[in-house]
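Before reading on, please look over the sequence and the fold together.

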Amino acid sequence: MVSKTLFDLLAVLFCAQAALGLTIISKSEWGGAAATSKTSLANGLSYVVIHHTAGNYCSTKAACSQELRNIQSYHQKTLGWADIGYNFLIGGDGNVYEGRGWNVMGAHATNWNSNSIGISFLGNYNNSKPTAAQIAAAKSLLATAVSRGQIKSGYILYGHRQVGSTECPGTNLWNEIRTWANWKA
């Protein structure tokens, strides 16, 4: 009975994800290394923090995968973190890429990691503007996070600059997210 229940739950989640038009490129698919440790993150979170990587923009799955491997290597080998800092990342190709993923605490915003998920756009959004595909992917990811119960339906969306001393997520992305329904000043 338990295995059938688990199967049914997975089927519902898969269908919900497909219905929302969201495909998440897994860490193994982009060639990511395993985390050295993981800390669980609760469901029903109240916050989402939006970032930009402030690095290279990518517009193909191959280029984004390489950029993700570079960021993960920097986070793990230089900063000594357990994994790439963000829960999810969004490429210029419009794909959502798994970082730490669901229910794993990120390392993206000091003092906010335990009560938020971190979503980062690959690139520097002081220079680039988010594409329609990236915006749609981010909104679909947020809808999926609500449907999964990872975040509350009334979650508050912040740009990283609102919770830390930084210009992140870049002026162009900042101006975009301020128009989204759950953004709060």
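A pocket is here an open set of grid points with protein on both sides within 12 Å along at least five of seven lines, and its lining residues are those that have an atom within 4 Å of a point. In this predicted model, the largest pocket holds about 290 Å³ of space. Its lining is made up of 18 residues, of which His52, Thr53, His75, Trp81 and Tyr86 are the closest to the centre. Two elements, β2 and α2, each give two or more residues to this lining, and the largest contribution, four residues, is that of α2. Sorted by class, the lining of the largest pocket consists of eight nonpolar, nine polar and one charged residues.

Thr53, named above among the residues closest to the pocket centre, sits in the loop that runs between β2 (45-52) and α2 (61-78). Because its relative accessible area is 18%, and buried means under 20%, Thr53 counts as buried. Its side chain reaches the backbone nitrogen of Gly123 at a distance of 2.9 Å. When neighbours within four places in sequence are left aside, the contacts of Thr53 are with Ile71, Tyr86, Leu89, Ser120, Phe121, Leu122 and Gly123.

The largest nonpolar core comprises 28 residues, and within it Val48 and Leu157 touch the most other members. At least two residues of this core come from each of β2, β3 (88-90), β5 (116-121), α3 (132-148), β6 (151-159) and α5 (171-177), with α3 supplying the largest share, six residues. Beyond its neighbours within four places in sequence, Val48 is in contact with Ser116, Ile117, Ile119, Leu142, Ile151, Tyr155, Ile156, Leu157 and Tyr158.

The last stop is Asn43, which lies in the loop between β1 (24-25) and β2. With a relative accessible area of 46%, Asn43 is partly exposed. The side chains of Asn43 and Asn103 are joined by a polar contact of 3.0 Å, and Asn103 is listed with Gly149 and Gln150 as the contacts of Asn43 once neighbours within four places in sequence are left aside. Asn43 and Trp102, although 59 residues apart in sequence, have C-alpha atoms that are 9.1 Å apart in space.

Notes: Residues are numbered from 1 along each chain as its sequence is written. This is a predicted model: local features need pLDDT of at least 70, side-chain atom pairs count only at pLDDT 80 or more; totals for chains, interfaces and linings use all residues. Side-chain values use heavy atoms; hydrogens and water are left out. Buried means under 20% relative accessible area, exposed over 50%, partly exposed in between (1.4 Å probe, protein chains only). A polar contact is a pair of N or O atoms within 3.5 Å; within protein, one must be able to donate a hydrogen and the other to accept it, and residues adjacent in sequence count only if both atoms are side-chain atoms. Contact means heavy atoms within 4.5 Å. A nonpolar core is a set of buried Ala, Val, Leu, Ile, Met, Phe, Trp, Tyr and Cys residues joined through side-chain atoms within 4.5 Å. On a 1 Å grid over the protein atoms alone, a cavity is a set of points where a 1.4 Å probe fits but cannot get out, and a pocket is an open set with protein on both sides within 12 Å along at least five of seven lines; lining residues have an atom within 4 Å of a point. Grid points are joined across faces, edges and corners, and a volume is the space filled by probe spheres set on the points. Ala, Val, Leu, Ile, Met, Phe, Trp, Tyr, Cys and Pro count as nonpolar, Asp, Glu, Lys and Arg as charged, and the others, Gly among them, as polar.
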